[in-house]
Amino acid sequence: MRFRLAAAATVTVMVGALVTGCSGSGGGDDKTFQFWSFTGIDQKADVEKYKEAHPDITVKLTEVGSTQETAQALTAALAGGKVPDLVLIQGDDMPNFVANPDNFVDLSTMGADDISGDYLPWVWDQAVAQNDAVIGVPTDVGGMSMAYRADLFEAAGLPSEPDAVAALWPTWDDFISVGQQYVAATGKPFLDNAGTSVFFQTVNQVDEKYYTPEGELVYDTNPQVKEAFDISIKAIEAGITANVPAFSTGWSTGKTNGAFAAMAAPSWMLKSIKTDAPDTSGQWRVTTVPKVAGNWGGSYLAIPKRASNPKAAWAYIKEMQSPESQLKNFTDTGALPSTVSAYESTAIADYTDPFFGDSKIGAVLGKSLQEFKPFFNGPETATIGSAMINTVTDVEAGNTPPDKAWDVAMKAVKDALGG
């Protein structure tokens, strides 16, 4: 996931290449299918597992770019280009596609109704259109946690074990206060950035976000959104952030060199810490975020209506997103299951990882998800979120005065929505 918009020219070139250059699923057979994914989610691993189990199947995986770039490429392809047989759609982008169900295969016709009971109802329902067509099968949910360097906390004179650290920050104000203590003790930034580690976490703890349950836009009047935004600006003004954007080169190396001591860690983020900072194994811990509850992220697999090989794509979905496969994927990659059975067993609650000092990762993520109150996401959820987080990033970079930030963010959203 990348939240800063890519340069328009770059996106245009990428979309054009995909729309005109992809050749669909290769001749209409049931043994080959074209799969578009976004980067940073490691669908390659799943594809390799599938190919190993089915050596007669050819999967042509294309990592299009960020979640936003993948959604743009799909939108262009649906408008008249060559569509893939299978596509991964990030949860915030899904409402925009659900609003146009005729662009996709109704997965009920493939057998989705038979497996719908396997998935968390609120997650499943987000991919069901008003005409009851099932547009996607959920691959995972987010859950939220905070990852931190125990060795750096100890050096700053702070508690370092997860339960004690969680007790330090029952609220976001407490979290900022801990950050200030860390900065005072070490002279170094506490947090990677305010955009992903504060704003995107707090705005995903609300019970109503940018839309009412009836679909009315309230991003500019909802006090919960304003409060989440203000907390992120407060963190910047407190001087606790390193101004290192998520998914940047500096962010990757910062996990190793101690450029910051804490960062947001929704379930899908955990693997990036292990990948980017293998030499820090055993130094990280995972604990709850302030206020505990929340969900950030999750994705769906969908089949475009004009796919050449929908049967091959559906066979992949059904096998790789079964409850058993999702649970295995959780232990392999950290992707938190969207299936009911995973939370009815102890498989998640008991999960730990020595890389994170055997922190009770599963229990932390599971509690975050189970206490979360789902909210309605509308077709412009991703657009609104991008405009707001880009403003937070601009404040952190010194390009926008903090006292002007909310007005700037609201204008950015309105501009993004077309005025």
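In the predicted model, helix 17, which spans residues 361-370, is largely enclosed by the rest of the structure, because 7 of its 10 residues are buried. The buried positions of helix 17 are Ile361, Gly362, Val364, Leu365, Gly366, Ser368 and Leu369. These buried residues pack against several elements of secondary structure, namely helix 6 (121-125), strand 4 (137-141), helix 13 (270-276), strand 7, helix 15 (323-333) and helix 16 (341-344).

Strand 7, one of the elements against which the buried residues of helix 17 pack, belongs to an open sheet of 3 strands, arranged in the order 6-5-7 with antiparallel pairing. Strand 6 (262-264) and strand 7 each have a single partner strand and stand at the edges, so that one side of each is left without a neighbour in the sheet. On average, and with direction ignored, neighbouring strands of this sheet are turned by 25 degrees against each other. The antiparallel pairing of strand 5 (residues 146-149) with strand 7 extends over 4 bridges, and within this part of the sheet arginine 149 has tryptophan 284 of strand 7 as its bridge partner. Helix 10 (residues 194-202) lies across strand 5 and strand 6, and its direction makes an angle of about 40 degrees with strand 6.

The loop that connects strand 7 (284-287) with strand 8 (298-302) contains valine 292. When residues up to four places away in sequence are not counted, valine 292 touches Gln205, Lys367, Ser368 and Glu371; of these, Ser368 is among the buried residues of helix 17. The C-alpha atoms of valine 292 and phenylalanine 372 are separated by 8.6 Å, although the two residues lie 80 residues apart along the chain.

A further packing arrangement involves helix 9 (residues 172-186) and helix 11 (residues 223-237), whose axes are 10 Å apart and which pack at an angle of about 15 degrees. Helix 9 is therefore roughly parallel to helix 11, and the crossing of the two helices is right-handed. Trp172, Asp173 and Ile176 of helix 9 make the contact together with Ile231, Lys234 and Ala235 of helix 11. Classified by residue type, the contact of helix 9 with helix 11 comprises 4 nonpolar and 2 charged residues, with no polar residues.

Note on methods: Residues are numbered from 1 along each chain as its sequence is written. This is a predicted model: local features need pLDDT of at least 70, side-chain atom pairs count only at pLDDT 80 or more; totals for chains, interfaces and linings use all residues. Side-chain values use heavy atoms; hydrogens and water are left out. Contact means heavy atoms within 4.5 Å. Two strands pair if DSSP finds at least two bridges between them. Axes are lines fitted to C-alpha atoms, for helices over the stretch in contact, and angles run from 0 to 180 degrees between N-to-C directions. Angles under 35 degrees count as roughly parallel, over 145 as roughly antiparallel, 65 to 115 as roughly perpendicular and the rest as oblique. A crossing is left-handed if the near helix is turned anticlockwise from the far one by less than a right angle, and right-handed if clockwise. Ala, Val, Leu, Ile, Met, Phe, Trp, Tyr, Cys and Pro count as nonpolar, Asp, Glu, Lys and Arg as charged, and the others, Gly among them, as polar. Buried means under 20% relative accessible area, exposed over 50%, partly exposed in between (1.4 Å probe, protein chains only).
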